[in-house]
Amino acid sequence: MSQPKLLSAGRIVTCEDGVDLGAIDDGALLIDGGLVAAIGDREQLLAAHPDVEHEAHPGVLVTPGLIDAHTHAVWAGSRASEYAMRMAGADYEQIAEAGGGIVASMRAVREATVTSLRDDLEARLRRMASLGVTTVEVKSGYGLDEENERKQLEAIGALRSRDDLPALVPTFLGMHALPPEAQGDKLGYATRCKQWLERIAADGLAEYVDAYIDRSAFSVVEARPVLERARELGLGVRLHIGQFADVGGAKLAALLQAASVDHLEHISEQAAEALAEAAIPAVMLPVASFSLNQAPPPVEMLRRVGMRFIVASDANPGSAPTESLPLAMAFAARLYGLSVDEVLLGATRRAAASLGSEAGVLRVGAPADLVVWDLSHEREIIQPWGSSRVRRVLRSGRPLSRP
Ligand SMILES: [Zn+2]
């Protein structure tokens, strides 16, 4: 175990409880055993720990490590040609009908090995770390049969013990799309997903189960048995709902006490009220709606009924071709009108809470997962786009591997 260390900075944003961000100007924190052992005023902490190594970052900002709560980061192949088609006017649902979209990634994943999926994922995680991300939720959903869904989850599992990469939270998303061999039989496919789930849960390969509930994906009736079984098995539920149409996913999410509902470009006020009542946060995915040229979710209404926001990258090879949570944060502010506080809490504390993680805040006892930015104030995180402004990124007090 490494020696205790003091890290000081011009401004430390703790993202601790409450609506404000809990900023400490000229602050410091003591890192010991991978955890935050003390946090507060720089001079006081230096005086209290005169013999401890001191890493000083005068004038710059420290925040909790960023938490990306919605990604499809374990994939193979490329969908660049489809992207070009989409830019030329084809829409996402038309591309899916023509055998592109998720099914194109399915073919590539089925041809890949666990090792190659793992290596591609590792490279993406290193690039995410270089952008300040210390925890990443990663979904399966490009295998669409038991062997290949497991292959994706095993690739994630192979990197979970690596303390030089972001922490990983695996999610089983068998109900992402219908594979061609199912020949349109969504209920039959859902029944098979439920059987795969039994073995995936028994082998500890997933912590959450997700389903894509939408007009061109799965219905509530099809998804419900799989998700109910997930809850019985002690797994959490996260749901893609309302990306293209509100088909009743919100009510099911409330019933199942989902950990999050994601997308929500199309959602009624009544459905949003049910989600707010159940204290289920909304995961905003602005890179996807930007890429698909969609109108944003009804953020004003969601805020009015009391929903809390998470911001995530949706990193995937089709609708959100990015690995950058800071880009999603910038878009959440510019395109969705989220405040700086909403954006930052949505990429730290609230994201972590939805994943059952202790990270996402800087307080005594929390993991020392943090970012030292080459910026002086949190409002600057969402403003300089397209280049990393991360000086240091620590997970449990240790630097993460970068590209
Ligand atoms: Zn997604």
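This is a predicted model: local features need pLDDT of at least 70, side-chain atom pairs count only at pLDDT 80 or more; totals for chains, interfaces and linings use all residues.
Biologist: What makes the overall size of the protein agree with a compact globule?

Modeller: With 403 residues, a compact globule would have a radius of gyration near 22 Å, and the protein has 21 Å, so the two agree. Along its principal axes the C-alpha trace spans about 70 × 45 × 45 Å. Of the 403 residues, 53% count as buried. The protein has 15 helices and 15 strands.

Biologist: Which contacts join residues at least 24 apart in sequence, and how many are they?

Modeller: Among contacts between residues at least 6 apart in sequence, 72% join residues at least 24 apart.

Biologist: Why is Ala-211 called buried?

Modeller: The cut-off is 20 or more other C-beta atoms within 10 Å. Ala-211 has 29, therefore it is buried. Ala-211 is found in strand β8, residues 208-213. Beyond residues up to four places away in sequence, Ala-211 touches Met-175, Phe-218, Ala-223, Val-226, Leu-227 and Leu-239. One of these, Leu-239, is 28 residues from Ala-211 in sequence, yet their C-alpha atoms are 5.3 Å apart in space.

Biologist: How do you know that Val-13 is buried?

Modeller: By the count of C-beta neighbours inside 10 Å: Val-13 has 27, so it counts as buried. Val-13 is found in strand β1, residues 5-13. Its contacts, leaving aside neighbours within four places in sequence, are Leu-21, Gly-22, Ala-23, Leu-61, Thr-63, Leu-344 and Glu-378.

Biologist: What is the order of the eight strands in the open sheet?

Modeller: The order is β5-β6-β7-β8-β9-β10-β11-β12, and the pairing is parallel. The edge strands are β5 (66-68) and β12 (309-311).

Biologist: What makes β5 and β12 edge strands?

Modeller: Each of them pairs on one side only. From one strand to the next, the twist averages 25°.

Biologist: How do you know that β9 and β10 pair?

Modeller: Two strands pair if there are at least two bridges between them. Four bridges join β9 (residues 236-241) to β10 (residues 260-263), and these strands run parallel. His-240 stands opposite Asp-262 in β10.

Biologist: How many bridges join β10 to β11?

Modeller: Two bridges join β10 to β11 (residues 282-284), and the strands run parallel. At least two are needed for a pair, so the count of two is enough. Val-261 stands opposite Ala-282 in β11. Elsewhere in the sheet, five bridges join β6 (residues 133-139) to β7 (residues 167-175), also parallel. There Thr-135 stands opposite Ala-167 in β7.

Biologist: What makes a right-handed β-α-β unit with β9 and β10?

Modeller: The helix in that unit is α9, residues 249-255. A crossover is right-handed if, with the strands pointing away from the viewer, the path from the first strand over the helix to the second runs clockwise. The unit of β9, α9 and β10 is classed as right-handed. β10, helix α10 (residues 269-277) and β11 make another right-handed unit.

Biologist: Why is α7 called roughly parallel to α8?

Modeller: The axes of α7 (residues 186-202) and α8 (residues 220-232) come within 8 Å and cross at roughly 10°. Angles under 35 degrees count as roughly parallel, so α7 is roughly parallel to α8. On the α7 side, the contact is made by Lys-186, Leu-187, Ala-190, Cys-193, Lys-194 and Leu-197. On the α8 side, the residues are Glu-222, Ala-223, Pro-225, Val-226, Arg-229 and Ala-230.

Biologist: Which strands does helix α13 lie across?

Modeller: Helix α13 (residues 325-334) lies across β5, β6, β11 and β12, and runs at about 135° to β12.

Biologist: What is set apart about the phi of Leu-144?

Modeller: Most residues other than glycine have a negative phi. Leu-144 is not a glycine, but its phi is positive, near 60°. Leu-144 is found in the loop between β6 and α6. With 28 other C-beta atoms within 10 Å, Leu-144 is buried.

Biologist: Where is Leu-264, and is it buried or exposed?

Modeller: Leu-264 is in the loop between β10 and α10. Leu-264 has 28 C-beta neighbours inside 10 Å, so it counts as buried. Leu-264 also has a positive phi, about 65°, although it is not a glycine.

Methods: Residues are numbered from 1 along each chain as its sequence is written. A residue is buried if 20 or more other C-beta atoms lie within 10 Å of its own, exposed if 12 or fewer, and partly exposed in between; C-beta atoms are placed from the backbone. Two residues are in contact if their C-beta atoms, placed from the backbone, lie within 7 Å. The radius of gyration is taken over C-alpha atoms; the globule rule is 2.2 Å times the number of residues to the power 0.38. Axes are lines fitted to C-alpha atoms, for helices over the stretch in contact, and angles run from 0 to 180 degrees between N-to-C directions. Angles under 35 degrees count as roughly parallel, over 145 as roughly antiparallel, 65 to 115 as roughly perpendicular and the rest as oblique.
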